[in-house]
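Please read this briefing alongside the sequence and the 3D structure shown below. It begins with terms, and then takes up one topic at a time.

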Amino acid sequence: MPRRETYQNRVELLQGMLDLLILRTLRWGPRHGYGISQAIRSNSGDVLQVETGSLYPALHRLERQGWVTSEWQTSENNQRVKVYRLTAAGRKQLLSERTRWEQFQAAVAGVLDPAGGEG
Amino acid sequence: MTFGRRRHRERELREEIESHLRMAVRERVERGEAPEEAERAARREFGNTLLVAETTRAQWGGLWLETLWQDVRYGARTLRKDLGFTAAALVILALGIGANTAVFSVVNAVLLRPLPYENVDDLVLVWGNFLKLDIERLRAKDAEFADYSGQTQVFDDVAAFSDADFTLTDGDRPERVAGARVSTNLFSLLGARPSLGRTFTPEDHRPGRDDVVVLGHGLWRRRFGSDRAVVGKTLLADGRALTVIGVMPPGFEFPHHSFAFTESADLWAPAVHPEDQLVSRSGPYRNVVIARLKTRVTLERARTQMNALGLDFERQHRSYRGPNGEDGGWRITLSPLHEEAVGPEARLALLVLFGAAGFVLLIACANVANLFWVRAVARRKELTVRAALGAGRGRIVRQLLTESLLLALLAGVAGAALARWGVKLLVAFGPENVPRLSETTLDGTVLVFTSAVSLLTGLLFGVTPALLTTEQNLTAALKEASRGLTAGAGRQRLSKGLVVTEVALALVLLVGAGLMLKSFHLLRHRDPGFDPAGVLSVELSLGERYAEDHERAAFYQRLVAGIETLPGVESAGITSHLPFRRASINDPVTVEGRPFDMGDAASTAAHQAVGPDYFRTMRIALRRGRDFSARDGAAEAPRVAIVNEHMARTFWPGQDPVGKRLKLGGPQPSNPWLTIVGVVGDSVQGQLESALRSELYLPHAQAPDPDMFVAIRAAAAGGDPQSLMPGVRAQVAAIDKDQPIINAETVENLAAASVGPQRFQLLLLASFALVAVSLAATGIYGVIAYNAARRAHEIGVRMALGADRRDVIGMVVGQGLRLALAGAAAGLLAAAGLTRLLANMLYGVRATDLVTYAVVTALLIGVAALASYVPARRAAGTDPRLALRDG
């Protein structure tokens with residue numbers, strides 16, 4: 001049971017972060033789910049490996065909230081893929097998430113490195 | 001989200017996941033991995049596709065409905081798979097819910113449903129009382145009604161009505177119809193409007209102009225064939241032609257048939273208050289006064305005002321005090337209209353039944369909870385695997401609960417159907433004197449109740465097993481589950497606890513039923529002081545045509561003489577108050593040689609007028625002196641009276657009352673002295689459970705009451721009193737062809753009807769107790785059988801070590817008895833506390849009657865032993881070798 005509890009905490013804390021990462025990734029153009037997870041991994045230097053169990057729920061949630069839309073396309077190999085794209089509302093959300101992330105960063109920094117310099 | 005769309009989205013999601021995997025595999029292959037290896041690695045890296053799919057689906061909106069529908073379908077499938085279990089649980093629950101629904105329908109109709117008048121909560125009846133004389137609920141004199149009408153600070157409107165019988169003579173037979181004389185504003189006060197014509201105006205109340213009537217719907221249908229042109233037609237009653245001016249709509253009824261103090265009216269006529277009676281404050285106490293409280297006036301405030309008014313009456317008028325100014329305890333009381341329909345005894349009785357039905361339902365729930373729990377334990381494997389696959393504990397609990405609720409709702413539907421049938425039985429066989437019983441239906445309120453009870457039931461028996469069988473520790477559970485039917489000690493306690501509770505509840509019901517049975521038996525076999533077998537009673541009411549005393553006396557003398565000549569009649573006698581039909585009220589009595597004290601309730605007696613052969617006909621023993629005879633009717637005969645033993649003991653203890661004198665009423669000279677000429681045995685008046693009291697009998701010739709009962713005893717054994725009716729009818733018609741017979745009934749039937757409510761209650765309570773015991777026995781059987789099966793290994797060991805069949809049976813039955821004893825102990829404690837509520841309903845039995853408690857407990861223990869014996873025998877038949885091998 002303890003494991004699940006921390007997981008839930010992590011979800012709450014990092015759900016917003018994951019959304020930010022996804023929206024950010026889509027800023028550079030529409031992608032499918034696999035592509036998004038690969039992009040996040042490579043852009044973070046293999047540090048952030050998003051589990052599919054978090055990625056797909058996040059994608060569907062973002063779509064429900066209207067920040068991304070999706071459509072089915074045919075890939076080069078004549079396979080069907082579901083491609084996600086940022087909406088105008090999503091772009092706006094990206095901005096406010098970004099601000100929240102920077103506030104979070106500053107807060108963490110404040111804890112780790114207080115102005116008095118106690119270390 | 002519609003199902004089609006949902007399936008489409010699910011398909012797309014699966015496709016999305018597959019495409020992800022495809023791309024991952026392709027990338028690995030491009031990097032040089034072997035295809036099968038790439039496939040495995042990609043899938044491993046992806047994770048549990050089912051779990052991902054489920055978590056993703058959880059993000060979709062409108063999900064709870066989907067989940068619910070899924071759970072319902074799954075639950076239905078599970079229930080269908082195990083039809084035996086489902087059927088058993090359904091039957092048990094349907095019985096419990098059905099019983100509750102049926103009783104609640106009755107409670108709803110009798111206690112809860114408001115009377116059909118506008119803003120019924122504001123309506124009150126105004127009664128006069130002389131509390132010190134034990135005289136309560138007096139109707140108002142005309143002058144008092146006028147005073148009440150003036151209380152405009154607290155009343156919006158005040159109306160009055162009085163009983164008025166009409167003998168309709170324009171048919172082939174004279175028919176007596178109950179009616180009411182009402183004030184102009186009665187209909188408007190009730191908020192009722194006629195469906196045809198009009199109701200009364202002040203004009204109609206002037207003496208001489210009051211020959212108009214408003215018809216009730218039933219009478220209009222019966223006598224005028226629902227003729228819509230009835231307004232203006234006439235009705236011949238008591239020799240007068242009455243003009244119909246209006247008809248009331250079908251639902252309207254006033255007085256309501258549930259009012260205990262009066263009959264419902266089939267037609268209404270205008271009340272006439274003669275001027276002289278208003279001024280002199282004389283005249284009979286005949287008006288029932290109904291008032292509507294002003295909108296913001298509380299009952300309390302109105303009562304305070306009426307108390308003040310009562311004091312005013314006493315100050316201003318001499319008639320409210322004794323001849324020497326003694327305080328008679330005059331008070332004006334207000335009673336809410338809706339309390340008139342059901343007395344506190346009936347209310348208590350209904351609530352007791354309701355409680356009993358609730359107990360039965362609780363026992364049923366406990367039984368089904370045990371069933372569910374046993375089955376959930378058997379499904380442990382399935383449930384833990386589901387948990388391993390990622391279904392949260394909450395989800396599993398929710399799904400199990402849905403299954404319980406589904407079963408409960410199905411049982412609710414079945415129970416409602418049972419209840420409908422049960423209500424028909426209740427209404428058909430219920431006693432006539434339970435007011436409003438006939439109005440019982442399964443209406444909206446009842447169905448809402450049934451649904452709520454079903455849901456609650458489902459939660460009750462579903463929640464604990466559901467919570468207890470969702471296992472946290474995965475591996476331990478799987479290991480346990482694969483070992484077969486097992487359950488931890490804690491779970492055993494639940495099962496046993498449930499059974500003990502069942503036994504306790506069943507015992508309480510048994511005690512209640514036992515007490516009521518004893519009470520009913522004592523009541524039914526109470527010696528009423530007379531012999532009711534073989535006696536017919538015929539009720540007559542002489543109208544205004546018999547205005548003179550001697551006319552009335554002569555009528556009844558001729559009638560009795562004529563009836564006694566009929567073949568098959570042993571004797572006949574008249575009385576003004578027949579046991580079980582009409583009880584007389586107390587009046588003060590002045591005893592010669594003693595000061596008159598109006599405030600002393602002990603110096604009151606109930607009086608009635610009887611004819612010469614009455615005591616002989618009813619076989620009431622004559623203890624001293626003589627009966628009334630023809631010479632008491634002679635012109636200047638001395639005024640006489642007969643007292644009963646109770647009165648003799650109370651008023652003249654240790655003396656012979658024959659020859660002593662008394663006055664009925666106060667000592668004023670206008671009141672004649674009566675000489676006692678005889679003493680008769682005590683007899684029951686009123687209802688069978690009434691206490692004996694002082695009775696004073698006057699000869700009818702000297703007190704010719706127009707409304708009398710003729711008691712007719714059939715000759716010889718086996719004579720059916722009802723067969724005398726045609727002869728009696730002929731005798732009445734021979735004297736006066738326009739004289740109707742109001743009622744005819746054998747006194748035995750009246751006696752049986754008098755305990756009708758108690759019999760009804762006993763039947764219902766006993767039925768509930770029976771069902772409860774059966775359910776508890778089933779519960780015991782279930783637990784003992786389950787335990788015995790579980791301990792088969794241990795039993796095998798014992799038998800291998802030398803225990804014989806008897807030892808095994810003793811062990812198993814002993815287990816059952818221990819459970820039963822624990823339950824009985826708890827039940828006895830509860831019963832001792834709860835049966836106090838029954839105390840008022842019991843006759844001749846205390847609520848803590850030890851014999852009843854002991855007998856009932858022994859019965860229950862016996863049933864428990866039997867229920868344990870069956871599995872015990874089976875366990876004793878175990879082949880030790882098989883049992884050891886399976887261990």
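Contact here means that heavy atoms lie within 4.5 Å, and helices (H or I, at least four residues) and strands (E, at least two) are DSSP runs numbered from the N terminus. This is a predicted model, in which local features need pLDDT of at least 70 and side-chain atom pairs count only at pLDDT 80 or more, while totals for chains, interfaces and linings use all residues. Residues are numbered from 1 along each chain as its sequence is written, chains are lettered from A and ligands numbered from 1 in the order in which they are written, and side-chain values use heavy atoms, with hydrogens and water left out.

**A buried helix in chain B**

- In helix 6 of chain B, which spans residues 142–149, the residues Asp142(B), Ala143(B), Glu144(B), Phe145(B) and Tyr148(B) are buried (buried means under 20% relative accessible area, exposed over 50%, and partly exposed in between, with a 1.4 Å probe and protein chains only).
- The cover over the buried residues of helix 6 of chain B includes strand 1 (123–130), strand 3 (155–168), helix 9 (275–280), strand 10 (288–293), helix 10 (299–316) and strand 11 (330–336) of chain B.

**The interface between chain B and chain A**

- Chain B brings 21 residues to the contact, and chain A brings 21 residues.
- About 2000 Å² is buried between chain B and chain A, and carbon and sulfur atoms give 52% of that area (buried area is the accessible area, with a 1.4 Å probe, that two parts lose on being put together, summed over both).
- Of the area that chain B buries against chain A, 30% is supplied by Glu16(B), His20(B) and Gln59(B), more than by any other three residues.
- Between chain B and chain A there are nine residue pairs in polar contact, both residues being at pLDDT 80 or more (a polar contact is a pair of N or O atoms within 3.5 Å; within protein, one must be able to donate a hydrogen and the other to accept it, and residues adjacent in sequence count only if both atoms are side-chain atoms).
- On the side of chain B that touches chain A, helix 1 (3–31), helix 2 (35–46) and helix 3 (49–57) of chain B each supply at least two residues, and the largest share, twelve residues, comes from helix 1 of chain B.

**Salt bridges**

- Over all chains the structure holds 46 salt bridges (a salt bridge is a side-chain nitrogen of Lys or Arg within 4 Å of a carboxyl oxygen of Asp or Glu).
- Three salt bridges are found across the interface of chain B and chain A, and one pairing of side chains in a salt bridge is that of Arg80(A) and Glu15(B), at 3.1 Å from N to O.
- Glu45(B) forms a salt bridge with Arg41(A), with the closest N and O atoms 2.9 Å apart, and this pair crosses between chains, from helix 2 of chain B to helix 2 (residues 33–43) of chain A.
- Glu45(B) is partly exposed at 43% relative accessibility, and Arg41(A) is partly exposed at 22%.
- Glu45(B) also meets Arg28(B) in a salt bridge (3.2 Å, N to O), a pair that links helix 2 and helix 1 of chain B across 17 residues, and Arg28(B) counts as buried at 14% relative accessibility.
- Glu175(B) and Arg223(B) form a salt bridge whose closest N and O atoms are 2.6 Å apart; Glu175(B) lies in strand 4 (residues 175–182) and Arg223(B) in helix 8 (residues 217–224) of chain B, so the pair ties together parts that are 48 residues apart in sequence.
- Glu175(B) is partly exposed, at 26% relative accessible area, and Arg223(B) is partly exposed, at 23%.
- Arg41(A), Arg28(B), Glu33(B) and Glu45(B) are joined into one network by salt bridges that share partners.
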